[in-house]
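Me: I would like a close look at one part of this model. Please keep the reply plain and give the cut-offs for each term.

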Amino acid sequence: MIYSWKKIVKYGMPLLTVTILIEIFAGQILQGRQNSLLLFPVFLITIPVINSVGGNIGSVLGARLASGLHVGYISLSLEDKEMHDNLFISLLIGFITYFILSIVIYFVALFGNLTEDIALIEFIAIFVLTGVLLVSTVALVSVLTAFLSFKRGLDPDDMVAPVVTTVGDVMGIVFLFLMLGIFGVGI
Amino acid sequence: MYAKEMVKQSLPLIVFCGLGAIVAGSTLGVMTDLLREIPGLIVVIPAIIAMRGNISTAFGSRLGSAYHLGIIDADNLWNEELKQNIIGNLILSFFVAIIIGVLAYATSLLLHVYPNPIKLISIVLLAGVISAVILTLITIVIIYLVFKRGYDPDNITGPALATFGDIITMICIFGSAILVEAIL
């Protein structure tokens with residue numbers, strides 16, 4: 001038998017504890033701005049979406065980099081062309097995804113009477129800008145995590161997904177409130 | 001066209017997962033009254049979702065490895081390896097849920113928000129354990145279907161569990177909050 005519940009708990013606990021500490025921090029940012037979120041529930045809908053897309057793009061990029069490093073067609077250099085291509089494509093996919101989803105969210109919110117008085121264009125601008133900032137950050141974190149873990153002899157496949165999703169969850173919320181501030185929504 | 005191929009392969013799945021997240025987000029969007037009535041509730045939401053995602057994707061990828069190692073397959077699914085994994089998941093969920101509740105309560109106090117600790121910890125514990133049971137069952141069903149059809153579980157369980165996980169966890173938090181608010 002290769003699995004025992006004791007080992008699963010023992011090896012799972014440290015990473016989960018760190019993740020949870022960071023996520024509670026993200027949750028406290030939400031609580032601090034709860035009043036503006038309750039005023040504009042459309043932005044409550046966006047939070048899981050912003051984080052899910054950012055996390056997925058970062059994880060896919062990380063998995064691709066990990067395979068490239070393992071097989072050898074990506075070199076451990078910040079100048080690597082293959083890595084640059086992957087980074088650029090991640091940003092492109094992020095932009096397209098956030099744009100499509102912003103329209104879907106707006107109409108879901110409109111249907112549920114949650115849009116209050118925010119215009120479609122303004123909503124798209126806030127959501128897509130938040131998304132582009134997040135994907136840029138997550139992509140950089142993904143490259144750095146993949147490269148650093150590979151350099152130290154760790155398997156990037158184990159490292160990138162948890163790091164990227166946790167960093168993405170916090171930064172997604174930070175960037176959303178930054179954009180809301182810049183656009184003067186909910187203050 | 002290398003770039004075109006990459007966009008074509010990953011864009012649909014990422015957009016699909018995003019649509020799943022909209023369902024999770026809409027559940028959060030209709031919880032405004034509960035969020036107003038239960039201070040601290042919004043603090044635990046990212047943590048519970050992250051815990052669930054973390055535990056269930058690790059479970060999925062362990063089952064994937066077990067499949068490749070030949071110790072589990074469609075005809076030999078319900079064995080001791082799987083049971084150990086399930087027990088491990090449930091115990092992890094139980095303890096981590098308690099930690100989330102306590103941390104959310106303690107950090108709120110520092111920020112001068114005063115949640116009801118019994119309510120908050122009960123909500124996290126209920127949501128954590130119920131979502132663990134449901135997601136474990138869903139993982140087993142997905143893995144059984146994947147084995148039966150001979151697909152590689154590594155390509156499918158991650159995104160599928162992440163998407164189902166967010167929706168089910170959000171609904172469990174919603175349900176637990178209503179239940180606890182009604183009883184306590």
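How many helices and how many strands does the secondary structure of chain B come to? Please go on from there to the core and to the contact with its partner chain.

Reply: This is a predicted model, in which local features need pLDDT of at least 70 and side-chain atom pairs count only at pLDDT 80 or more, while totals for chains, interfaces and linings use all residues. Residues are numbered from 1 along each chain as its sequence is written, with chains lettered from A and ligands numbered from 1 in the order in which they are written.

Chain B has six helices and zero strands; helices (H or I, at least four residues) and strands (E, at least two) are DSSP runs numbered from the N terminus. The pattern along the sequence of chain B is α-α-α-α-α-α, and its C-alpha trace spans about 50 × 45 × 25 Å along the principal axes.

Of the 184 residues of chain B, 48% are buried, that is, they have 20 or more other C-beta atoms within 10 Å of their own, with C-beta atoms placed from the backbone. Two residues are in contact if their C-beta atoms, placed likewise, lie within 7 Å. Among contacts in chain B between residues at least 6 apart in sequence, 82% join residues at least 24 apart.

A nonpolar core is a set of buried Ala, Val, Leu, Ile, Met, Phe, Trp, Tyr and Cys residues joined through C-beta atoms within 7 Å. The largest one holds 104 residues, and those touching the most other members are A:Ile20, A:Ile45, B:Val44, B:Ile48, B:Met51, B:Ile100 and B:Val124. Helix α3 (residues 41-69) of chain B gives the largest share of this core, 15 residues. Leaving aside neighbours within four places in sequence, B:Val44 is in contact with B:Ile100, B:Gly101, B:Ala104, B:Leu120 and B:Val124, and also with A:Gly27 in the partner chain.

Between the chains, 50 residues of chain A are in contact with 51 residues of chain B. On the chain A side, α1 (5-32), α2 (34-39), α3 (42-71), α4 (81-111) and α6 (156-183) each supply at least two residues, and α1(A) gives the largest share, 15 residues. The side of chain A that touches chain B divides into 32 nonpolar, 15 polar and three charged residues; here Ala, Val, Leu, Ile, Met, Phe, Trp, Tyr, Cys and Pro count as nonpolar, Asp, Glu, Lys and Arg as charged, and the others, Gly among them, as polar.

Methods:
Buried ≥ 20, exposed ≤ 12 C-beta atoms within 10 Å, placed from the backbone.
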